[in-house]
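Here is a short report for a first look at a protein model. Keep the structure in view while reading.

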Amino acid sequence: MPVEPGSATAGLTASLHPPVLDVEPGGSASTELRVAGGGHATTDLRFEVLGDAAPWSFVVPPVPGTGPASMVSARVVVRPPRAAVPSAGSSALALRVWVDGVDRVVSQTRAEGTVTIAPFTDIAASLEPRVGEGRSASQHELQVTNRGNASSTVTFGVTQGASLSVHLHDRTLVVPAGGAATTKVAVRPDNRLMRGPARAHPFRLEVTPEHGAAVSAMGEMRQQPLLGARSAVALAAVVLLGLIAAVAGSRATSSGPSPSDAGSTAAASDCPAAGHQDTFVSGLTPERIPTLPSSFSFSATRADGCSPVRFDPCQPIHYVVNPAQAPTTGVADVEEAFNRLARVTGMTFTNDGATDEVQRRGPYVPDRYPDRWAPILIMWTHQSGGRANIEVVGSGFPDRAQDVLVSGTLTLNSDAIVNRAKNTPVPGGFGSGGGPGIGAIGAESVTWGRVILHELAHIVGLGHTRDRDQLMYPDTAEQTSHTTDYRSGDREGLRWLGRSSGCLPATPTPGSTPIGPRS
């Protein structure tokens, strides 16, 4: 039964020994809870963790054994995840202790303490695009992500890049805990390339946090020739024409985009789904991947063929988690994935807590969630047949009513592995973001964070793409992005689904609205 905190009654007292705990994120610490007085049977004693530490703290045993409650001792264990939340510093730890009578609270008290969480920094860096093309320069964006629980000031340097000039717009950035910061990078080759095949110029940027090890971001400037193969006479003529065209082009650019550019931009704005429809959301096979749209796609479109089917981004979107079969970091990974999705889309995702649901037949479940659409359900299950390969690690499906997304289900395979020979389970978290940044990440670099980010994007309406550098490339192990986060194409598609595309004029109500097929 719910109990309001209050002062001790009927002689019941509780205290923590010691009242102050220091703990490393990802580690654990414990303190003794001592309960005295009242003479009540210990089977009637109840404990509940309160305060900021409640989501990652518990009491052992949850209910004491039999006997009088003249003096009862239990352990309070705190185990903050190694994640951006909770943040570094002090968090309140409070225990509510009460005696549960037949129909009322006989006695209650509380014990209070403090948990001090040590700071840590987990920096990752990536370039977008990783390979930039140009005749005289290429433009990139360096993104630095901090998965730690404290902000960090990072400095940049160029450690590799022969015959190149690499200019960073900023030399230092402050990256907030659980957030990201970006700076522009311009790369110019020292020598011109008049003709012949394109010339590759690899380079490496070093990102050094104020605490912790430096990380690298690999990139490449692919220099295109100014001209093709010509005779000496023709070459001179082409150079002259090129100079004239360059002057004319610069004048046209200064007065705005050319008519063809303006038309293509307007077309994209008027019909964002044009060329961006995922026709193989279900039953996708490897040979079909090259036929997918580039950059991003939408899982479904409205009747106009242009507008993606999406949630109303101006309303809170609720979700629940069944943690029964979850891995150690599972619930924390879900929270962090929703935080990252929220940053890109501008949408608000609200955690309605834990659930014991194990299946969902549709988005309207009136016995559990009367008068509203059911929240998104996230759960882990054991799939038949024992350990399974990474290919069947998870599946996310949105639920729609008419042409609006209203809920969804994300099912994750607790038995998925990344190495069959070693029987290695999928690791928790979002990975270090390390590696050279070239080529596929491989199965052993797949993490629960990467999988959950991918599947949550499906639930809000994003489809697959053929671009390997995007998180929405179908084969997770073959993605080339070593940073576990949404990439430029992913973010563009998610922005069309999010708040920047405006509110929906009306949202269907449950009970009287036909339910659409799952995308």
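## Confidence

pLDDT is the predictor's confidence in each residue, from 0 to 100. Contact means heavy atoms within 4.5 Å. Residues 229–268 stay under 50 in pLDDT, and the model has 10 contacts for them beyond four places in sequence. Residues 1–9 also stay under 50, with 23 such contacts. The protein chain averages a pLDDT of 80, and 80% of the residues score at least 70.

This is a predicted model: local features need pLDDT of at least 70, side-chain atom pairs count only at pLDDT 80 or more, and totals for chains, interfaces and linings use all residues. Residues are numbered from 1 along each chain as its sequence is written, and side-chain values use heavy atoms, leaving out hydrogens and water.

## The largest core

A nonpolar core is a set of buried Ala, Val, Leu, Ile, Met, Phe, Trp, Tyr and Cys residues joined through side-chain atoms within 4.5 Å. Buried means under 20% relative accessible area (1.4 Å probe, protein chains only). The largest nonpolar core has 44 residues; Ile-378, Leu-456, Tyr-486 and Leu-494 touch the most other members. Elements supplying at least two residues each include strand 18 (317–322), helix 3 (330–345) and helix 4 (448–459). Helix 4 gives the largest share, 7 residues.

Helices (H or I, at least four residues) and strands (E, at least two) are DSSP runs, numbered from the N terminus.

## Helix 5

Buried residues of helix 5 include Gly-489, Asp-490 and Arg-491. The buried residues of helix 5 pack against strand 9 (123–128), strand 11 (138–146), helix 3 and helix 4.

Key: Buried means under 20% relative accessible area, exposed over 50%, partly exposed in between (1.4 Å probe, protein chains only).
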